[in-house]
Amino acid sequence: MPLLIQASVIKKSFGPVHAVRGINLCIPAGEIYGLVGSDGAGKTTTLRLLVGALTPDQGEISMGGFGLKTHGEQARSLIGYLSQRFSLYEDLSVLENIRFFAEVRGLAAKEWKPRCMEILKFVGLDDFAGRLARQLSGGMKQKLGLASALVTRPKILLLDEPTTGVDPNTRQDFWQLIIRVVAQDETAVLLTTPYMDEAVRCTRLGFMRTGEMVAEGTPAQLRSSLVYRIIEVHSPSPFTLKEHLTRLPGVKDVHTFGDKLHVRVAPDQSAGILEAVTNAHSQWGLAGVTARLAAPSLEDVFIALSEIEKPAGSDD
């Protein structure tokens, strides 16, 4: 597959704030690449650099083989971009909104209507073509945003937290659309997401922290890279138990995951800590506690990679 997104040692600062510090990216057609990290890690700034909304202080960016510095117009013609705050024209209909974006991006009059109706059907909005944008639900607005990004058949799709704030069913629908785009059109997709259950669907992931890429790989590779062991604990009194666990030697941290606790421990301490947890009733008077060694989740990896505190005023 050809490389569609290439970035070499790109950097961007805003005064004293180093938002992006020497990022490298190589993303081929047919890949969904997830960029993840805590707030302020530099993810959104990276996307703005790739789309050409910001100019890097250093480094080179090539989109579809066209350098942004030397062939910016050709590079941007290959990109579909959905920002965190996609702006609809509230007093225009669904079809009028997508027509506007189609014509702005150069679709001829004879092309825009069949393409708009094709893409509205693709995202499931063809029955709402005449509805005003302000009357759409949050999920429908996100689908219209995706339709607008796809209307010119881009080879590169950049999506900044595209499913934030929508319900689980809409998130599922949105992901099915992205997977279909990649399968049908051999598009390269780069997206940011705060949801680890979405990140696991990506072909590869890049973890950013304070403007730097600190880890990269498939979800399986990143899970296997965690040097600590994870003990998964169930307890009727998780908050009380958590206080006891954090005091044990060898415990790196304890986090709540739904109805479970994940205890991250040094590998050479895992057997002793597991024994202590299973004896919680005799040690701390806590009944009903069960524990087992568990495979690390992406959430465990995310927490471990996000440990270093970000500098004050860092930008995302």
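A nonpolar core is a set of buried Ala, Val, Leu, Ile, Met, Phe, Trp, Tyr and Cys residues joined through side-chain atoms within 4.5 Å, where buried means under 20% relative accessible area (1.4 Å probe, protein chains only). The legends below describe a predicted model, in which local features need pLDDT of at least 70, side-chain atom pairs count only at pLDDT 80 or more, and totals for chains, interfaces and linings use all residues. Residues are numbered from 1 along each chain as its sequence is written, and side-chain values use heavy atoms, with hydrogens and water left out.

**View 1. The whole protein, to get our bearings.** The protein has 12 helices and 14 strands; helices (H or I, at least four residues) and strands (E, at least two) are DSSP runs, numbered from the N terminus. Its C-alpha trace spans about 80 × 45 × 35 Å along the principal axes. Of its 316 residues, 48% count as buried.

**View 2. A closer look around Leu-120.** Setting aside neighbours within four places in sequence, Leu-120 is in contact (heavy atoms within 4.5 Å) with Val-94, Leu-95, Ile-98, Leu-125, Asp-126, Ala-129, Leu-144 and Ala-147.

**View 3. Helix H10 and what covers its buried residues.** Helix H10 runs over residues 270-278, and Ser-270, Ile-273, Ala-276 and Val-277 are buried there. These residues sit on the same side of H10, because they cover an arc of only 125 degrees around the axis; the arc is that of the directions from the helix axis to the C-beta atoms. Their cover includes strands S11 (229-234), S12 (251-257), S13 (260-265) and S14 (290-294), together with helices H9 (238-245) and H11 (280-284).

**View 4. Helix H12, largely enclosed by the rest of the structure.** Why is H12 (residues 298-305) described as largely enclosed? Six of its eight residues are buried, so the rest of the structure largely encloses this helix. The buried residues are Leu-298, Asp-300, Val-301, Phe-302, Ala-304 and Leu-305.

**View 5. Ser-62 in strand S4.** Strand S4 covers residues 58-63 and contains Ser-62. Is Ser-62 buried or exposed? Its relative accessibility is 17%, so Ser-62 counts as buried. Apart from neighbours within four places in sequence, Ser-62 is in contact with Leu-4, Ile-5, Gln-6 and Gly-67.

Definitions and conventions: Buried means under 20% relative accessible area, exposed over 50%, partly exposed in between (1.4 Å probe, protein chains only).
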